[in-house]
Amino acid sequence: MAETEKISVMYTEEEVNDRIKELGAEISEELGGEPVKVVCVLKGASFFATELAKRITCPVFMDFICCSSYGSGTESSHEVKIVKDLDTDIAGENVLIAEDIIDSGYTLQYLTEEFKKRGAKRVLICVMLSKPDRREVEVPVDYIGYTVPDQFIVGYGLDYAQKYRNLPFIGTVEF
C-alpha cells in the first residue's frame with residue numbers, strides 16, 4: 001500500500017458474508033426453483049458472484065462477461081465496451097447479473113438492454129454496493145447488498161488501479 005493511501009473498514013468480512021447469504025435466500029425465493037444463469041461482471045464482481053452463487057438454492061449456471069467503462073481511472077467514460085463476451089447463449093433463460101457496484105448506471109443499463117436483445121426470459125440485477133449519489137441513468141436493481149456514500153471503495157473484488165481486490169472486507173480509500 002502506498003504511504004499516501006489509507007484503507008478504513010466499512011463492512012467487515014463477516015457482515016459481507018451475512019448479507020450475501022440474505023441476498024441468496026431472497027433470490028432463491030423469487031425464482032421459486034427455476035434455473036438461473038448468474039452472469040458475473042468481471043473483474044470486480046468475481047468475489048461477490050461466486051459467493052452469491054453458492055447461496056442460491058435453485059439450479060445455478062455461471063458465465064462471465066467483462067466490460068470496460070473506466071480504464072485505469074476513477075471516473076466512468078460512459079462508453080461501455082464488451083471486452084470478454086459470454087461463452088453461452090442466454091435466450092429463454094433467467095439471467096441474474098452479479099455486479100460489484102452500481103455507480104453511474106451505464107454498464108448495468110447497457111447489459112440489461114443487451115441481454116434482453118439476446119432473448120433472456122428475465123433479467124435480474126444484484127449488486128453488492130449501490131452509490132445512488134453517482135447515478136446518471138436509472139436502472140432497476142432488484143437486489144442491493146449495501147447502499148453506500150460517494151466514497152472510493154475497495155476490497156472484496158473492488159479495486160483502485162488493480163490494487164486491493166483481495167481484501168476480505170469492504171473499505172474506503174483515503175488519499
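**A buried arginine, a helix and some salt bridges**

Arg165 is buried, at a relative accessible area of 16%; here buried means under 20% relative accessible area, exposed means over 50%, and partly exposed covers what falls in between (1.4 Å probe, protein chains only). The model is a predicted one, so local features need pLDDT of at least 70 and side-chain atom pairs count only at pLDDT 80 or more, while totals for chains, interfaces and linings use all residues. Residues are numbered from 1 along each chain as its sequence is written, and side-chain values use heavy atoms, with hydrogens and water left out.

Back to Arg165, which sits in the loop between strand E8 (153-154) and strand E9 (170-174). Helices (H or I, at least four residues) and strands (E, at least two) are DSSP runs, numbered from the N terminus. Leaving aside residues up to four places away in sequence, Arg165 touches Lys43, Gly44, Phe47, Gly155, Tyr156, Gly157, Leu158 and Asp159, a contact being heavy atoms within 4.5 Å.

Next comes helix H1, which runs over residues 13-31 and has 19 of them. From first C-alpha to last, H1 reaches 27 Å, close to the 27 Å expected at 1.5 Å a residue; the expected span is 1.5 Å times one less than the number of residues. Buried residues in H1 are Val16, Arg19, Ile20, Leu23, Gly24, Ile27, Ser28 and Leu31. An α-helix has 3.6 residues a turn, so residues three or four places apart point the same way. After H1 comes Gly32, with a positive phi near 55°.

Then there are the charged pairs. A search of the whole structure turns up 15 salt bridges, each a side-chain nitrogen of Lys or Arg within 4 Å of a carboxyl oxygen of Asp or Glu. One of them joins the side chains of Glu34 and Lys121, at 2.8 Å from N to O. This pair links distant parts of the chain, 87 residues apart: Glu34 is in the loop between H1 and strand E2 (36-42), and Lys121 in the loop between helix H3 (106-117) and strand E6 (122-130). Glu34 is partly exposed at 32%, whereas Lys121 is exposed at 53%.

Asp103 and Arg134 also pair up, with their closest N and O atoms 2.9 Å apart. Asp103 lies in the loop between strand E5 (94-102) and H3, and Arg134 in the loop between E6 and strand E7 (143-147), so the pair ties together parts 31 residues apart in sequence. Asp103 is buried, at 9% relative accessibility. Elsewhere, salt bridges that share partners join Arg19, Glu22 and Glu26 into one network.
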